[in-house]
Each structure stands twice: as C-alpha cells, then as structure tokens.
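Please open the structure in the viewer and keep the selection panel at hand.

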There are 2 protein chains.
Amino acid sequence: MAKDKPRRPKAETPKGFRDYFGAEVTERSAMLAKIAEVYHRYGFDALETSGVETVEALGKFLPDVDRPNEGVFAWEEDKDWLALRYDLTAPLARVYAQHRNDLPTPYRRYAMGPVWRNEKPGPGRFRQFYQCDADTVGAPSVAADAEICAMLSDVFESLGLGGDYVVKVNNRKVLNGVMEVAGVLDPSDPDKFAHERGIVLRAIDKLDRLGLDGVRQLLGEGRKDESGDFTKGAGLGAEQAEVVMGFMQARQSTGQATLQRLTELVSGSETGKAGVSELETIATLLDAQGYGPDRIEIDPAVVRGLGYYTGPVFEAELTFQIEDEKGRPRNFGSVAGGGRYDDLVKRFTGQEVPATGISIGVDRLLAALHAKGRLGQTAQGPVVVTVMDRDRMADYQTMVSELRNAGIRAEVYLGNPKNFGNQMKYADKRGSPIAIIEGGDEKERGVVQIKDLILGAKIAESATVEEWKDRPSQYEVSRGDLVAKVQEILSSQS
Amino acid sequence: MAKDKPRRPKAETPKGFRDYFGAEVTERSAMLAKIAEVYHRYGFDALETSGVETVEALGKFLPDVDRPNEGVFAWEEDKDWLALRYDLTAPLARVYAQHRNDLPTPYRRYAMGPVWRNEKPGPGRFRQFYQCDADTVGAPSVAADAEICAMLSDVFESLGLGGDYVVKVNNRKVLNGVMEVAGVLDPSDPDKFAHERGIVLRAIDKLDRLGLDGVRQLLGEGRKDESGDFTKGAGLGAEQAEVVMGFMQARQSTGQATLQRLTELVSGSETGKAGVSELETIATLLDAQGYGPDRIEIDPAVVRGLGYYTGPVFEAELTFQIEDEKGRPRNFGSVAGGGRYDDLVKRFTGQEVPATGISIGVDRLLAALHAKGRLGQTAQGPVVVTVMDRDRMADYQTMVSELRNAGIRAEVYLGNPKNFGNQMKYADKRGSPIAIIEGGDEKERGVVQIKDLILGAKIAESATVEEWKDRPSQYEVSRGDLVAKVQEILSSQS
C-alpha cells in the first residue's frame, strides 16, 4: 500500500478576505494621514480601540435594519463571548461609557481602522474593510453638526477634490414632521407606525436606484422588481404618499427657498418646525464661515437608511461622472454619511448622551481619488543596481547606499545574478525607473552604465529609428557622477 | 413583585485588551511612518494582510518553543476554522505561497499592524499589540542579511537614536558548529540531541538575566531559581559545557578578532566554518557601506530563542540606561530581532524558499523614544475659542475657521457655555495652549482677549507679584489681529 502523503495546507485567504500590496497600502495610508490631519486641526483626538470587544459591550447585531442578516465574528473565550468590532461607533460608545470621567466633555474623537462583518462576501464586498470616523460626543448644539459638515468639506478640499463634491444636509425631525402630517407618526405614541416609517425611510433612501415611481410604489402597496420579486410597501394612501413625495422633492434653487418649502410641508408639527429651525441654524453657521451651497447644501432627499438618527443627517457625494461596468456615465455618488444619534451610551449608563458624527467610506474614496488621477505618483519602483560580478557585491551595495543616502529608493539585485536577462525582467516587474550596470570593464574604466527604463520603454513603443538614435536611453557616466545622473534622470521622468 | 430591571452591559474592554488615546495613537503612527519610509527607500514593498486567516494556513500554534502555551484566537465559521493572526510572518508565508507567480523574486516586503495572542494577560502584556516587520523572500545570499542589518541601523538613525543603539549579528551555523564540537550535534543525524540543543539555545538566550553561572547550570544538570523551582538542564559534561561557554564569550575587541576566535572554536566542523565565512561576508559588506562596529557588531552571545533560524541572526539593542522599577540603572535592551529561516513556504508548496527578516518591537521602541525625549512635541491641545454669547456662535466658528485656515489646531467650545469656569476647565483638560474670549463688550470695541494658558500656568506656579505684573499672560488685540497674535504666542511657547 502506498504511504499517504501528508496533506499540505492550502495557501488561501479565508473567503471574503483579501491582501493589499504596495501602492494599495501606501496610498490608503497617505489618504488617511491627510484626513487625520484635518480632523486633528479641528481639535479631534485620535482613539484606537482593539479589534476585539466583548459581545455584550458591542451588542450582538448591527443596527442597520435594512440588512438584518449582517452579523459579527464571535467566539467563546474563558466563558466570555468575544467578537470582532463591526464598526467604530459601537466601540466609541463603550469607550465613552468606560472613561467618561477622564474624557473632556464634549469629546471630539476620530478613529480609523479595519472593521469586520460576517456577511456573505460578494464582488467588491469584503469581510474586512477600513472605516474612518469622526464624532463629537456630549454636544447637544447643532453647532457640532455644522462643524462636522465643515470638516467633511475641508477633508475633500485637502484631498484635491475641491469642486467635485457636495455635502448634503437634512434633518430627521423634518422628516418626522412630514410623517406626522402624512399620518404615519403619532407624537403621543412614538412606537405606532414604526414599521411603516421604516419602510418609508428605506424607500426614500433608494430614490437614486428606483426613481420616483419605484419609491411611490413602496410608499403604497409595494413594488415588483425586474426579477418579479415583490417587496411589500408601507401601505400609505395616495394623499399620504404625496406628502412624502413632496418632501423628498422639496429642494429648491436656494437653501432659503428650500427651508421655506419645508416649513410649509411640516406645518402643524412641532417636531417638524424644530427640525427646520435646526437646519436654518446650520445654514447660518456654515454661511458665516464661507461654506457656500457649492460645498454644503440642504437636500430633503437625504434621509440615510439607519433607524437611529435623531436630528441632522449628512451625506457627501462626489459629483463627477465615471463609467459604470456597461460604459454608461453615472455620478460617482456617496462616499461619506452620518448624523446625530442621541442614545450612544444609554445602554451602558442609562443616561442619554447626544452625539453626532460622520463615517467616510475609505475604499470608495480611494477609488474616487484614482478616478480623478489624484493618486499613483507615489507608486514608483526602486532604482535597481544589477550584479555583474557576484564577488563585488560590496561595490554594488555601496552604490545603493549612496543612492539611498541621497533619498533615492534603490536596491541591489539579490536573486541569482547568473542570467542578466532575469535581472532586467526583475527590474521590469518592480516598475524600476532606472537600472545601473557596472561590469568588469566599467569597473576598470571607472564608469557605470545608467539605463533609463521609462524612456527606454517609451522609445521601444513608438520611436522611429531616427528618434532612437537621437534619444539614447542609456548613459555612461564616471562612477563619481552616479548619484547626480540618477537624480537628473528621475527628475526628467516625473 | 418588583419588575426586574434590564441588566445593563458592562462598558469594559475584554481582559488583556486596552484603548489608546490621542498622542498614544499619533506618536505610534508617526514612528511607523518613519520606519516605513526607510523600508521603502530600501526597495521593500508594503503588504497588508487581513487580521483573519484560516487556522490551516496559519498553523495553529506559535513556533516559539519557549512558550508552548501561547495560542491563537480561533473560531469555527461555515465549517472552516478561522483565527486572528499571531504574527506577520505566518501570513507572509501564506501570501508568498499563494501569489508567488505574480510576485518579484526576491520579494522584499514590509508589514505593520496589530497581531493577537491568546495568552494570559499580565502587566504591560496585552493580547493585541503591533508588529513591524521587513523580510526578503527568495534571496539565498547573505547580502540580503547584511542589507537587513544596514536597514535596521538606518531605522534607528532616522528615529534620532544615533549613538544609542547597536545591531548585533551572529550565525546559527557557528553555534551548530560549536554544538558539533561539544558533541550535542551529529551531522549525520540532525534530530539526535535536538532536545538538548533547544535547552542550550534558551540557556544562552537568558545570559542577560541569569549570568554566566546560571547558564552553566542550565548547560549541566539544571538550575534552581530563587523561588526554589528547578529547571532541568541539558546534561552536558563539564568539558562540553565549557565549549559552549567559550563560544558565548567569544566576542573580542574587534570583529576581525572575534571571527578569528570563532574559527578556532568551530575547528573541525564544516557547518561551523561556513557560518564563520558568512559572518565574514556580512562584515565586509557592511564595512564597505560605512556601517562601523559602533553601529553593527558581531556578537556570539546573540542566539535568539526561536528554533527555526538557520543562518544569520540579528538583535538590536538600545545602549542607553534607564531606571528599572526599583530605581536601579539598567540598559534599555533589545527592541528588535530576526534572522534567516529557510522553510518559510515549505509547508504549503514542499519547496524550500530562503528568507531573512527582522521584527521591531513597536511598543518597546516607542517607550525608548519617550525615554529619550524624542516624542511628545506633537501632543498639543487645540486653541479653544470660548462662547460668551451663545447667539453669536457664527462669530466664534468664524474665528476657529480663520485659525484653522492658518494651519492652527482650533475649536469652539461646544458644551453648555453658561458657566465660564467650565469652559476654562475644559481648555485645561484638553491641554490647550491658548483661549480666546470675545464678550459683548469686546465685540462692541472690535477686540478679542487672548489668554496664553501655558505662560499663565507657569506664572501661577512660580512668579512673584512683580513678575506677574511684568509678564501679562492675557492680551487684548483688535479682532483683525487675532490670527497673527495667536501665531506669535504659539511660536513663543515652543
């Protein structure tokens, strides 16, 4: 009988996880550093909690009612149930409850890092991804909300997206006022019609995807999608539905006119009036600081899907167009969202603590920066010093050492140097801008060969024979001029 | 019967985990960014794997034979066992095996991020902590090891620790040669005496703590520690033990002399000779690049505890003294270690792939930078604009907006402004350098009050009445001069 071969482990990431290489990592870091710089300038302090929390502190399930099946990764450990954090807000609640006597009030904090979701992976949908949040805890004033909006606007400016974004503001209280007018909110019994209001909220949130008719169907009896699946609606009568539809389309050409229209729509509802007044305050504050409607605007169609918002809600959209998978132009869309939520730490302490904040979709924002050509400059390979004579490794390492001391990314080829072609293939794979060659002959004559690989590739692609002659991509310089010549070529490439 | 109160969740980190606030986060980020900058300059590419791996890919237990009880956090998910990574080397092995056709060879990569250990938490010992690694995969030449040593030296220089560190190099092959001479390694049967060699290795690694006598006891019958606990030794005879002791103390005043002494000690062992020759090559390469013995030295006492090293081993020590918990001076000690290990991906592919690398102890290095006063400058609180008249929030936010546009960290007080004392207490808690005051009177006169809180605190601590009069810590300036005056005060404070 043949002896069983020992089974080798599979070299695979778990389903729904992935690896990030090179520029994917450094570009994200650079973007997060720029965002952190803005947050810091606004007086927000960094907070880093661990990836692991107790299930008890975290709350076992996500608050997003739209996706009830989203879960967490959890396991039992010494009789405690532990779990990976699914967002950065739940840990903030735990931190604030745990350290509230030592923290300043209000507490402005930012946090960035990976979160984990135990959901079905799909294309472009991973079980670990980055979040980047800023929240102000303990400030009931809408000045805190206005500040979040201004900060978000500054983040986009600092990322070079000025003119390509708009921060949209709305207020849940206005929406609740509208619900009251439409007869699906009874101020004396807030729990009544909660189910219907949830459907209304999610229907409005889907305006982009479903269009006005689709939303109207969901407000009424329900909607059959293209595949024939039926989604039950909120069951509003035609008149009720029109109130909601009117609200959704209440945006006018100026903020002042929008506020005026909203005032009419919520007429008779105290909550609605309070909401409009808060929006007015936010608009005044932002106006005074010079954030015009080209940067921050009031938009009643923004409601955010999450049930827990209680006042102002925000959403940041990128307004430039990209092509979708079928080549059709479409708006890039939402890259950040947030709002005010007032029961952050209540489950721990019993006290209501007001909070407001924003979460930036790191991956979408990175994709946006790529689409706008704001990234990619940093992704340069190293200068490669080739090895022509393996006994003279010290000579080659001295060269890279000189280059590095001049701030140039450089390395010596450390594979088997026997085949020079492999060394050039390696340089190509690394995206190297320049290769250095010093064989025995060069050594004797005190010179080095410097190959401009970028120019070489360009010439190889398109040049005529004349151009080829006129534009050499390889230079012989004396050994002492190595660093200066490399610097010259690098600056000609950029 | 009284109704049961719903039990509130405890607001606590899980046992062995902690939160990091403000400067704790930003100082670590800044340090890691500086290290990444050096790694990048050496041609290393960033790699970020997810926190979660399959248990199969990870290997269930840590390779550190010295701590067999260390475990991982693992759980079952859809019939797969998943686990949190316990270091950054195991994921590198998985990545290299998974992507080896797309990666350059040699593959230089760096990685930094949290790892998790399911071990008993203790003081200063956490179950999540940062690692910061650089490894070269697929380069058999010791030039790769020399490069790692040079890079590590450059890391310390770039962190401002020049003159305060030494990178120590040794070679496992030399040690194996010594083992051969001492009769505890039989080249024809490598498994024989493996247990004894493990004890010898760990005994040498403990020289710092146990002293020469303690090590000698562990090489022989064993050692009883202060508490009376007995650790069984390797059982070497006196003569055998002396060979090992001689090796450990083989360091001479110059690298050349040390190499000479090692050559004598391993006389007759082919492995030992190869090891000395590798050390010689490393010394030559580093010498040519100007890394003198003040930065990198050969030290036979460095063996590293891990069983899996196969060639050169490295350890970086900080040489300045700090006080221990009892106030006695002691060397700061080791902050990084690594070496060559040649079976990185063998368990996945069956092929031996040579690799060499280094891991920096992030928390210890941070502590070192603190001890040397290299940190702390960034930890400045924001300028606080106080709220004297809550109806004029727009005025105050305009002030902070102006300050921020000038690059100054600033915020408006967003708590309840009623009690001015609370606002000043808040500024104190935030470590604010300056507070701005604009009441109705100031507004009318077109001025603002600027309080230098750092100078104020200094004066309050030590000044005589005369000094108090001479050195006012509060200034009245016209509203238009706000930013300029704040800048002036901030630069006088630094």
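Predicted model: local features only at pLDDT ≥ 70, side-chain atom pairs only at ≥ 80, totals over all residues.

Residues are numbered from 1 along each chain as its sequence is written, chains are lettered from A and ligands numbered from 1 in the order in which they are written, and side-chain values use heavy atoms, with hydrogens and water left out.

First, select residues 165-171 of chain B, which form strand β8 (strands are DSSP runs of E, at least two residues, numbered from the N terminus). Seven of the seven residues of β8(B) are buried (under 20% relative accessible area, 1.4 Å probe, protein chains only). In a regular strand, side chains alternate between the two faces of the sheet. Here Y165(B), V167(B), V169(B) and N171(B) are buried on one side, and V166(B), K168(B) and N170(B) on the other.

Opposite N170(B) stands V313(B) of β12(B).

Then select strand β11, residues 296-298 of chain B, which runs parallel to β8(B) and is joined to it by three bridges. I296(B) in β11(B) is the bridge partner of V167(B).

Finally, display both chains. A rotation of 180° with 0.0 Å of shift along its axis superposes chain A on chain B, with RMSD 0.1 Å (least squares on C-alpha atoms of residues with pLDDT of at least 70 in both). That is the relation of a two-fold axis. Select W75(A), whose C-alpha, at 2.9 Å, comes closest to the rotation axis among the residues of chain A.

Note on methods: Buried < 20%, exposed > 50% of the residue type's maximum accessible area, 1.4 Å probe, protein only. Helix = DSSP H or I, 4+ residues; strand = E, 2+ residues; numbered from the N terminus. Pairing = 2+ DSSP bridges.
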